[in-house]
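I opened my notebook to write down what I looked up in this structure, topic by topic.

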Amino acid sequence: MIWQKAVRTMVNRQLEHPEIMKKQCLNARQGKMHCDKCKLSCPGECIICPEKGEADWSNCINCGICASVCPARAIDLSQTGMTTIVQAVSLSGASRTIGCAEAAGDVDVRVPCLASLPWEALAAMALAGKVHLVHGHCDACSFQAQFSLFDKALERAGLFLEQTPYKENLMLHAPGESFDKNLSRRRAFGTMLGRAARAADRREKQDEAQNNEAVSSARDLLLTAVRRQKPEYRFKWVIPGITSRCWGCGICEKTCPTQAIHFENSNGSWRLVLSHGMCTDCGICEALCPEKAIEGKGVLPVEADIEHIVMKINARTCVTCGAPVRPESDEDLCIRCQAKNRRKRM
């Protein structure tokens with residue numbers, strides 16, 4: 001039975017706290033741009049050293065704030081947290097109501113704080129139907145300082161959906177505000193269990209295979225929802241502002257926590273391939289680019305069926321290893337091969 005499989009998977013994992021993917025942490029990828037957003041936002045002060053995967057989860061309340069605030073999505077939601085989001089996405093009917101722990105009245109799905117919902121989760125919910133977001137009186141809540149995080153997530157999800165029919169599906173309601181909704185909970189329960197089981201199985205298979213595509217569960221859920229949309233629907237992705245100064249030195253490709261950037265030689269011409277769905281706009285590529293070839297971030301509407309953005313770059317090819325070479329260089333070797341030759345002469 002599907003529901004038995006879902007329950008068995010959740011019991012086996014027993015991961016009732018977020019999961020740190022230390023190799024994806026910005027601090028583990030480089031040393032120039034230090035990030036401590038997860039440590040500063042955790043109400044239980046659980047996270048010690050994210051780049052080493054060190055945390056004391058004894059005080060964790062499973063709020064998921066750390067996963068939402070991480071710019072590289074190097075912290076994934078717990079199994080319970082992710083199942084809650086899958087439940088919200090999977091509810092059958094015209095609309096669903098998501099409420100925080102302090103929200104009054106009857107809600108379909110309750111989360112510790114609306115700020116625990118990554119923007120990807122909000123967008124995925126909107127693609128499934130109308131979403132009523134309700135909260136309590138935040139000025140008297142222990143999560144008060146984190147509500148600005150939710151504002152940013154809601155704004156980003158709205159930007160993502162701006163050119164689609166789903167742009168009006170996210171609705172935020174003040175405490176005590178009344179609204180109409182229509183939902184069949186009996187149908188929703190069966191659907192939720194089935195999708196939760198498939199999501200859990202997919203996550204376990206990725207863990208076993210040590211998949212190189214470092215995608216958080218919420219981002220994976222959103223990408224799956226986008227692929228099901230009509231090809232002509234255009235979603236607005238935030239991507240690095242790559243300029244013509246880029247010649248493919250490879251530093252961004254090496255340090256990108258989600259492996260969203262790749263350089264390839266196509267019939268003698270170099271090009272940059274950006275997987276926009278993988279990019280979390282963490283900013284590490286701009287901070288580390290030695291050529292200052294990345295200037296801020298841009299918003300690009302992309303059709304639902306397009307998975308990569310390809311940009312031609314001006315570069316020559318190393319005669320030794322085939323890597324890109326700065327176009328105006330007097331050498332026929334890439335910077336790595338030049339360094340190897342210098343070491344040999346020493």
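**Ground rules**

I noted that this is a predicted model, in which local features need pLDDT of at least 70 and side-chain atom pairs count only at pLDDT 80 or more, while totals for chains, interfaces and linings use all residues. Residues are numbered from 1 along each chain as its sequence is written, and side-chain values use heavy atoms, with hydrogens and water left out.

**Antiparallel sheet**

I looked up an open sheet of 3 strands, whose order is β10-β11-β13 and whose pairing is antiparallel. Strands (E, at least two residues) and helices (H or I, at least four) are DSSP runs numbered from the N terminus, and two strands pair if DSSP finds at least two bridges between them. At the edges I found β10 (261-266) and β13 (309-312), each of which pairs on one side only. On average, neighbouring strands of this sheet are turned by 30° against each other, direction ignored; the axes behind such angles are lines fitted to C-alpha atoms, for helices over the stretch in contact, and the angles run from 0 to 180 degrees between N-to-C directions.

I then followed β10 to its antiparallel neighbour β11 (residues 269-274), to which 6 bridges join it. Along this pair, His262 has Val273 in β11 as its bridge partner, and Asn265 stands opposite Trp270 in β11. The hairpin of β10 and β11 has 2 residues between the strands, and in it Asn267 takes a positive phi near 55°.

**Parallel sheet**

My next entry is an open sheet of 4 strands with parallel pairing, in the order β6-β5-β7-β8. Its edge strands are β6 (109-110) and β8 (170-173), each pairing on one side only. Strand β5 (residues 95-99) runs parallel to β6 and is joined to β6 by 2 bridges, and here I saw that Gly99 stands opposite Arg110 in β6.

I checked helix α6 (residues 119-128) against helix α9 (residues 217-227), and their axes come within 8 Å and cross at roughly 30°. Angles under 35 degrees count as roughly parallel, over 145 as roughly antiparallel, 65 to 115 as roughly perpendicular and the rest as oblique, so α6 and α9 are roughly parallel to each other. The axes of α6 and helix α7 (residues 147-160) also come within 8 Å, crossing at roughly 45°, and α6 and α7 are therefore oblique to each other.

**Cavities**

How many cavities of 30 Å³ or more does the structure hold? I noted 8 of them, where a cavity is a set of points on a 1 Å grid over the protein atoms alone at which a 1.4 Å probe fits but cannot get out, and lining residues have an atom within 4 Å of a point. The second largest cavity has a volume of about 130 Å³, a volume being the space filled by probe spheres set on the grid points, which are joined across faces, edges and corners. Of the 18 residues that line the second largest cavity, Pro240, Cys279, Asp281, Gly283 and Cys285 are the closest to its centre. The elements that give two or more residues to this lining are β9 (234-242), α11 (284-288) and β12 (294-303).

Note on methods:
On a 1 Å grid over the protein atoms alone, a cavity is a set of points where a 1.4 Å probe fits but cannot get out, and a pocket is an open set with protein on both sides within 12 Å along at least five of seven lines; lining residues have an atom within 4 Å of a point.
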